Every structure is written in C-alpha cells, then in structure tokens.
Amino acid sequence: PVDAVPHVTKIMITALEAASPAGDYRPLLLGMTNMAALLMSKGIAYDSDIGRTTAALISALVSGAAYQASAEMAAQSGAFPAYPAQAKKYQQHIKDKMAALAGTGFPQKGITRRPLQIRTALCPDTALVDAVNQSWENACRLGKETGFRHAHLTGGAEIMPEAALVRF
C-alpha cells in the first residue's frame, strides 16, 4: 500500500544515517528495485503511459519521503555542515524538483512557486498522487524550517551497487 512507502523510506534513511560517515554533505544512497514486478502485480503494463507515470510517481514518493525524513533529522541533529552556506540554493533545488513533478517549467528566481498539483490523467491511483503531493509539500516546508541532514538521498541502483535498496 502507498501508506507504507514513506514509513519504509524513513526507516531506510534512519538506518543509513546511523551507518554513514560524517562529512560536509552527508550523502546517502537509497535506491529502488522490483518496480516492474510491482507494476505487473497491479496489472499495469510497465511499458505503457500509465506504467511509466506510476513508476515515476512511486519514485517521486520515495524521494519526497527521503527528503522529509532528512528534514526531520535536521530538526534533531542539525543540517549537513555545508548546508548553511548553500541553504537558498538547496531550497531552490527542492522547488525545482517539485516544479518538474507538477509538470511546470522550472521556477526562476523571484517567481512564486505554484502548489504541487500532479496531474492525475495518466495515473488512476489518486492515493499515490496525494501521497506524492503531501510528501514533497512536507519536505519543502520542513526543509525551509530546519534544513536537511543530507545533501543527496536517492539514485538508481545500477549506478549505486552499495546503496540500500527499497524493494517493492
């Protein structure tokens, strides 16, 4: 279920945080596997518009939940050491990711960000769409208040063999 993804992501980020060495950026590598199997188990062809959109939204949910968990950790332990000097740039990075999810152009400096509203035309799972919206809104809001504990959190398993993988 969609509700489990943010919970599992937070557990994985917490475990990786405990095992990560200290550094200026504190990058973590969280990847995903078994996406095709998940889609097929739901009866969605993974080589279809609905399949690609659903896979993208699940990936976005994991990323948003990871950034939210990182912001929550920053509230307890502080942001990564290099964050204060780059806070404005990093916040823009989060907003740019949200703009891409919403299908809008990347916002330019000085332009107000529109609320994240992912189009549901290609994804019939409204609970997934709502969860993605909520995770990124929470990550953005909390990150603005606390900063982030980690500079980088997610990536592809093919390029990160040592990553902790969230299996679906």
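**View 1. The buried residues of helix α5 pack against α3 and α4 (83–102).** The model shown is predicted. Helix α5 covers residues 126–146. Its buried residues include L128, V129, A131, V132 and N133. S135, W136, N138 and A139 are also among the buried residues of α5. C140, L142 and G143 complete that list.

**View 2. Helix α5 from end to end.** This helix has 21 residues. From its first C-alpha to its last, α5 reaches 30 Å. That is close to the 30 Å expected at 1.5 Å a residue. D125 caps the N-terminal end of α5. A side-chain oxygen of D125 lies 3.2 Å from the backbone nitrogen of A127. After α5 comes G147. The phi of G147 is positive, near 85 degrees.

**View 3. Helix α3 spans residues 49–77.** The end C-alpha atoms of α3 are 41 Å apart. Its 29 residues should span 42 Å at 1.5 Å a residue, so the two values agree. G78 follows α3. The phi of G78 is positive, near 95 degrees.

**View 4. Helices α3 and α5 pack with their axes 8 Å apart.** The angle between α3 and α5 is about 25 degrees. Angles under 35 degrees count as roughly parallel. The two helices, α3 and α5, are therefore roughly parallel to each other. α3 passes α5 in a left-handed crossing.

**View 5. Helices α4 and α5 cross at roughly 165 degrees.** Their axes come within 10 Å. Because of that angle, α4 is roughly antiparallel to α5. The crossing of α4 and α5 is left-handed. On the α4 side, the residues that meet α5 are Y83, Q91, I94, K95, K97, M98 and L101. On the α5 side, they are V132, W136, E137, C140, G143 and K144.

**View 6. Q91 sits in helix α4.** Q91 has a relative accessible area of 10%. Buried means under 20%, so Q91 is buried. The side chain of Q91 reaches the backbone oxygen of G143 at 3.1 Å. G143 is itself one of the buried residues of α5. Leaving aside residues up to four places away in sequence, Q91 touches Y83, C140, G143, K144 and F148.

Conventions
Residues numbered from 1 in each chain as written. Predicted model: local features only at pLDDT ≥ 70, side-chain atom pairs only at ≥ 80, totals over all residues. Heavy atoms only, no water. Helix = DSSP H or I, 4+ residues; strand = E, 2+ residues; numbered from the N terminus. Expected span 1.5 Å × (residues − 1). Buried < 20%, exposed > 50% of the residue type's maximum accessible area, 1.4 Å probe, protein only. Contact = heavy atoms within 4.5 Å. Polar contact = N/O pair within 3.5 Å; in protein donor to acceptor, adjacent residues only side chain to side chain. Axes fitted to C-alpha atoms, helices over the stretch in contact; angles between N-to-C directions. Parallel < 35°, antiparallel > 145°, perpendicular 65-115°, else oblique. Left-handed = near helix turned anticlockwise from the far one by under 90°.
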